Amino acid sequence: MQNRSAILLVGGRGTRLAPLTNNTPKPMLQVAGVPFTEHQIIKARDAGISEIVLATSFKAELFEPYFGDGTDFGISIKYAVEEVALGTGGAISNAAQALSGTGPVAIFNGDVLSGHDLGAQFDFHEAKGADVTLFLTEVEDARAFGAVELDESGRVSAFNEKMENPPTNIINAGCYIFNREIISTIPFGKVVSVERETFPNLLATGARVFGFIDTSYWLDIGTPSALLKASRDLVLATGKEFMALEGSKISSSASITGGTVIGRSAQIAADAQISGCVIGDGAVIGAGARLTDCFVAEGFEVPTQVISFDNYFGF
Ligand code: GDD
Ligand code: MG
């Protein structure tokens, strides 16, 4: 078997997540106690991928101090920084320069939490003799996504990025496998959208683009409510109501539920009721406060008795 490599697209601005992304790029926001990107890196490693290039741009300098060369995560990690964001296609072409080996490359959108079987996607790609294989899922409303049309053999016949009246509910779920020769057809050093330019071009020139449908857990964390949901779902999946990180102090009369994360050295005072929240490192929640589905920034102090729903504190 050839080596399996990956590129992680983590250079977007994360505009829809403001104010959370004012100082932190979306992929470095904490989800279930670690930067979101870490969940994807572990997923890639567990599928047998040996090297991954992070394609960064916005706040690029914040990734390397945390992930380093990947030793701590059991995978080789390199960085390809775009001084000016190159779009998803330009980022792929740029990051591919840093890859070694010759095998197929998995390319991930940096904001998707998914339970899909990546190993099975690689096997499917090889079995079909595909040039590109797109992981697809089904949603109720495809307007915010790339709607993908397939023929009976599973071959992609049309790719419609963010369309008002999508012809199908099958969408691009943000994880592709590309053969190297196909990556080298993407213009280098130019702004290119893989969704709006590369995929339509490949289809027009008869490339073998296939769709791999997997309808397991899937979530784009690009909005605050989705980010919270991702964190809650991961915590609840451990069978616990909350996750308390190192050094946190929680009063025995506080109630913490709904997949809440209590940050490192955070303090929760008596009778506080916290459900479905992300409480930042070192934050303090005053006595009797009742928070539901809220983000509390690092070090922020929420006064006693505050009642709040769906809110941000300290961003
Ligand atoms: N390096 C780099 N450079 N990364 C980028 C750039 C860039 O210029 N632009 C976007 N990205 C990264 C983002 O950080 C994100 O991880 C990923 O590419 C996708 O960008 P989004 O901005 O999140 O796109 P989207 O959610 O609107 O749509 C995309 O994802 C959907 C699934 O969630 C498309 O791929 C859709 O077709 C797809 O359905
Ligand atoms: Mg997105």
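Author: The largest pocket holds about 920 Å³ of space. It is lined by 41 residues, and those closest to its centre are Arg16, Lys26, Thr88, Asn109 and Asp111. The model is a predicted one, in which local features need pLDDT of at least 70 and side-chain atom pairs count only at pLDDT 80 or more, while totals for chains, interfaces and linings use all residues. Residues are numbered from 1 along each chain as its sequence is written, chains are lettered from A and ligands numbered from 1 in the order in which they are written, and side-chain values use heavy atoms, with hydrogens and water left out.

Reader: What is a pocket, and how is a volume defined?

Author: On a 1 Å grid over the protein atoms alone, a pocket is an open set of points where a 1.4 Å probe fits, with protein on both sides within 12 Å along at least five of seven lines; lining residues have an atom within 4 Å of a point. Grid points are joined across faces, edges and corners, and a volume is the space filled by probe spheres set on the points.

Reader: Which helices and strands each supply at least two residues of the lining of the largest pocket?

Author: Helices (H or I, at least four residues) and strands (E, at least two) are DSSP runs, numbered from the N terminus. Here the contributors are helix 3 (87-96), strand 11 (170-178), helix 6 (194-204) and strand 13 (218-220). By class, 16 lining residues are nonpolar, 15 polar and ten charged; Ala, Val, Leu, Ile, Met, Phe, Trp, Tyr, Cys and Pro count as nonpolar, Asp, Glu, Lys and Arg as charged, and the others, Gly among them, as polar.

Reader: Where does the second largest pocket lie?

Author: Domain bounds come from an automatic or database domain assignment. Domain 1 (4-220) and domain 2 (240-313) both give residues to the lining of the second largest pocket, so this pocket lies between them. Its space is about 620 Å³, and among its 29 lining residues Thr24, Leu29, Gln30, Glu298 and Phe315 lie nearest the centre. The lining divides into 18 nonpolar, nine polar and two charged residues.

Reader: Which residues coordinate the magnesium ion (ligand 2)?

Author: Donors are N, O and S atoms within 2.8 Å of the metal (3.2 Å for Na, K and Ca); water is not among the atoms, so sites may look incomplete. The magnesium ion is coordinated by Asp111 (OD) and Asp220 (OD), at 2.1 to 2.5 Å. Asp111 lies in the loop between strand 6 (105-109) and strand 7 (112-114) and Asp220 in strand 13, so the pair ties together parts that are 109 residues apart in sequence.

Reader: Is Asp111 buried or exposed?

Author: Buried means under 20% relative accessible area, exposed over 50%, and partly exposed in between (1.4 Å probe, protein chains only). Asp111 is buried, at 9%, whereas Asp220 is partly exposed, at 22%.

Reader: How many residues has the largest nonpolar core?

Author: A nonpolar core is a set of buried Ala, Val, Leu, Ile, Met, Phe, Trp, Tyr and Cys residues joined through side-chain atoms within 4.5 Å. The largest has 31 residues, and Ile41, Ile52, Leu54 and Ile77 have the most contacts inside it. Strand 11 gives the most to this core, with four residues. Ile41 is also one of the buried residues of helix 1 (residues 36-46), and helix 1 is followed by Gly48, whose phi is positive, near 90°.
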